[in-house]
Amino acid sequence: MIRRLETDVVVLGAGPAGLAAACSAMEAGARVVVVEREERTGGILKQCIHDGFGLLRYGRQLSGPEYALRDADRFGSLGGRAMLEAFVTSASRLEAGGFELACVDRGGAFLLRSAALVLATGCRERTDRQVFVHGDRPAGVFTAGLAQYMINVQGLLPGRRAVILGSGDIGLIMARRMTLEGMEVIGAYEAKPEPSGLSRNLRQCLDDYGIPLALSSTVTAVHGGRRVEGVTTARVDGAMRPIPGTERDLSCDTLVLSVGLIPENELAKSLGVPLDPRTRGPRVDQNMHTLVDGVFACGNAVHVNDLADYVSESGERAGSSAAAYALAGPGSPSRVRRLSPLSAGPGCLYVVPQLLDLAALADVARADDVCLYFRSSSTMASGAVARLAAGDAPGAGGATLLERRYRALRPPEMERIKAPAGSLAVGPARPAEPGPGASLIVEPIEPEDR
Amino acid sequence: MSERKELTCIECPRGCRLTVEVDGGRATVSGNACPKGAVWGAQEAVAPMRTLTTTVAVEGSARKRLPVRSDGTIPLARLLDAMEAIDPVVVRPPVRRGDVVASDLLGLGVDLVATDDLLGEDR
């Protein structure tokens, strides 16, 4: 007979988001089942052996595995156990409320029922097919995360002489890692006019080793039979089209791609969870509750974060909210939300959350500081002001709810605003009529204004 | 004769742009948002130091590599030498995070420590 399990909260994924969610849900008194596809918890942190994690959460620089161990320790001390090498094949909403997941693990198939679901499924790397690299399809083209897995987990060297396409953080980290392991890294090519990675990684991963970064440049073709023998690079124009006559052939046996990450939301889509086209993750309220009641999401599944610390923070929130939802039971007044839109206004690439639950904000027992995560849509090197304005029309002229000033903003560097619940009183709104909402507007400060 | 250097601080993700004036043995740092940046900038301008993170080989486990780090900083210019010195290191389970897997790297007084647990039950 098929195994059946029932619990309050199911968490999908045991990376930093999932374990934080599981721990906070358990601390809130919920029964939790964590489903993890791999054989160990920790998610991508297992292969991120470099340090720089945990400065915000733990006040010190930890390596990825060290950060993951802290999550695992806390989870273990709460009596948590993840179902490992287990994955969900399909998910459905039950008519009576709650969810049923069809799962498979080493013991075979099983059905898992819960009142609430936390999606902590992380993100995936964009591949060469998705960035239109043309030419042959020889061995030797790897995403940065795959190269990282090969070197750090499997102990395999991807090649001898590498070109990196893109300047995302993992690509920069891998430029250093491959160099330390004895590979020659010829250079990194970024199609955009500005680097995608954090400034400190440009410094400590490229500059430290004399690896050049070519901006407004890309790889247009891959050459080789069984193995990569070289690539063609070219400069690109403002529309990212290769400029004829600027092609250069480089000899290499490895092409590493660091061209972006996409939140993983196949399961969310199958449950009908609406996504934000800007983040490619579910639209969530400040409690990480998606637009499908009972489905919560956190971490890189919601938007691609720069820092694991923020991933954990969103997991904490999703877990405690999911526990409260599950324990409240069907028909509880605390389950009724009054959602109001929070939109990305001019100068703002995106903002998470995309919705504010005014009912939770108004409830003294539940109202808590709200974390807003955003990126600017362009580099504002001489300073910037982020202003949350009432009303969601573009260029909203509504009242300023809160304002933060920055010395500089760059799209690759995510910012976080911790807003007191009282500052977000954008009311009145009913579920059917979402109300005026608010929008986050980001404006540069010109040097002469300082 | 003073020298002026523009540096990007690596102490945290903020990545402050530092200006360091080196005059004789004295370094004056500006542009830092916190005290760590001042300390880092002054050191960086005269002798860059880095924490090394890498892996060592594993025997007696289904896992192939164990992540490790130097438990202090070592000169940037010696990182590749340190990698050579670490190359022959092999560990067997059990190893716990923080255990020293190689001591006194290159005679620099810095140990190499495990940053993950490698226990017997790992398949």
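Select A:Leu180 first. A:Leu180 sits in helix H5 of chain A, residues 169–180. Helices here are DSSP runs of H or I with at least four residues, strands are E runs of at least two, and both are numbered from the N terminus. This is a predicted model, in which local features need pLDDT of at least 70 and side-chain atom pairs count only at pLDDT 80 or more, while totals for chains, interfaces and linings use all residues. Residues are numbered from 1 along each chain as its sequence is written, with chains lettered from A and ligands numbered from 1 in the order in which they are written.

Stay on A:Leu180. The cut-offs are 20 or more other C-beta atoms within 10 Å for buried, 12 or fewer for exposed, and partly exposed in between, with C-beta atoms placed from the backbone.

Next, show chain B. Leaving out residues up to four places away in sequence, A:Leu180 touches B:Thr54, B:Leu79, B:Leu80 and B:Met83. Contact means that C-beta atoms, placed from the backbone, lie within 7 Å.

Colour chain B by domain. Domain 1 takes residues 2–46 and domain 2 takes 53–114, with bounds from an automatic or database domain assignment. Their C-alpha centres lie 29 Å apart. Then find B:Pro93 and B:Pro94. A cis peptide bond joins them, with omega about 0°. B:Pro94 is in the loop between strand S8 (90–91) and strand S9 (100–102) of chain B.

Return to chain A and select strand S2, residues 32–35. A:Val32 and A:Val34 point one way, A:Val33 and A:Val35 the other, and all are buried. Strand S1 (residues 3–12) runs parallel to S2(A), joined by 4 bridges; strands pair if DSSP finds at least two bridges between them. A:Val10 stands opposite A:Val33. On S5(A), A:Met83 is the bridge partner of A:Val35.

A:Pro353 is in the loop between strand S22 (348–352) and strand S23 (355–357) of chain A.

Now visit two methionines. A:Met240 has a positive phi, near 65°, and lies in the loop between strand S16 (228–235) and strand S17 (248–251) of chain A. A:Met240 is exposed, because 11 other C-beta atoms lie within 10 Å. A:Met288 has phi near 60°, also positive. A:Met288 counts as buried, because 30 C-beta neighbours lie inside 10 Å.

Finally, zoom out to chain A. Chain A has 9 helices and 28 strands. The C-alpha atoms fill a box of roughly 65 × 65 × 40 Å along the principal axes. Buried residues make up 51% of the 450 residues.

Methods: Contact = placed C-beta atoms within 7 Å.
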